[in-house]
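Let's take a look at how the charged side chains pair up here, and at what the nonpolar side chains do. The structure comes first, then the details.

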Amino acid sequence: MRSIVTASAQETESFAQELARLLRPDDILAFFGGLGMGKTTFVRGLARGLGGQDEVSSPTFSLVHEYGTQPKLYHFDMYRVTSLDDLYSTGFFDYLDTGAILAIEWSENIEGALPDQAIQVRFERLDDARRRITVEGDERFC
C-alpha cells in the first residue's frame with residue numbers, strides 16, 4: 001500500500017504522474033471517494049505520466065473518455081450507474097483485456113463487478129485543501 005497526503009491539485013497530479021510509470025497494460029484503477037476529492041485531477045496526472053495530453057475532463061455524461069496515451073487510457077465515470085444492467089449498457093466489459101489502462105471514478109457503484117485484480121485508489125478529505133490518497137492492491141505500490 002502507498003499513501004500520500006496532497007495539499008493541491010498540482011501535488012495530486014504529480015503523484016498520479018509518478019504512479020503512471022508503474023502501470024501496465026490491462027491495469028484497472030478503481031477510484032473511491034466523494035465529489036470534489038480530486039479523482040479527475042488524478043486522471044489528468046495519469047494521462048500526463050503515460051505521455052498524453054492535458055485535456056482531461058470527467059466523463060459524467062458520456063460515461064467514458066479515451067486518451068491518446070501509450071498504453072491507451074480509458075476514463076470511466078460510474079456516478080449514474082445504479083445496476084448491473086446499467087453497467088452492461090455502458091459497454092464497460094468490452095474494455096477489459098484490451099491492453100488499455102482503465103481509470104474508473106465512482107467505483108463504489110460497481111464494486112461487485114470489478115475484477116479481483118483491480119487496484120484500489122481511495123481519496124479521503126482531510127480538510128478543504130488536503131487529501132489522503134491511498135493506492136493498494138498490488139506489490140508495485142508498496
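A quick word on accessibility: buried means under 20% relative accessible area, exposed means over 50%, and partly exposed is in between, using a 1.4 Å probe and protein chains only. This is a predicted model, so to speak of local features a pLDDT of at least 70 is needed, side-chain atom pairs count only at pLDDT 80 or more, and totals for chains, interfaces and linings use all residues. Residues are numbered from 1 along each chain as its sequence is written, and side-chain values use heavy atoms, with hydrogens and water left out.

**Salt bridges**

A salt bridge here is a side-chain nitrogen of Lys or Arg within 4 Å of a carboxyl oxygen of Asp or Glu. That rule gives ten salt bridges. Three of them look like this:

| Pair | N to O distance | Relative accessible area |
|---|---|---|
| Arg-48 and Glu-13 | 2.3 Å | Arg-48 31%, Glu-13 11% |
| Lys-72 and Glu-66 | 3.2 Å | Lys-72 38%, Glu-66 45% |
| Arg-122 and Glu-136 | 3.9 Å | Arg-122 31%, Glu-136 28% |

Take the pair of Arg-48 and Glu-13, joined by a salt bridge. Arg-48 sits in helix α2 (residues 39–49) and Glu-13 in helix α1 (residues 9–20), so their pairing ties together parts 35 residues apart in sequence. Helices (H or I, at least four residues) and strands (E, at least two) are DSSP runs, numbered from the N terminus. Is Glu-13 buried or exposed? At 11% relative accessibility, Glu-13 counts as buried, while Arg-48 is partly exposed.

Both Lys-72 and Glu-66 are partly exposed.

**Nonpolar cores**

A nonpolar core is a set of buried Ala, Val, Leu, Ile, Met, Phe, Trp, Tyr and Cys residues joined through side-chain atoms within 4.5 Å. The largest one has 24 residues, and Leu-29, Phe-31 and Phe-42 are among those with the most contacts inside it. Elements giving two or more residues to this core include α1, α2, β2 (28–32) and β5 (101–105). Leaving aside neighbours within four places in sequence, Leu-29 is in contact (heavy atoms within 4.5 Å) with residues including Leu-19, Leu-46, Ile-104 and Val-121. Another core, of 17 residues, lies apart from the largest one and includes Met-78, Val-81 and Ile-110.
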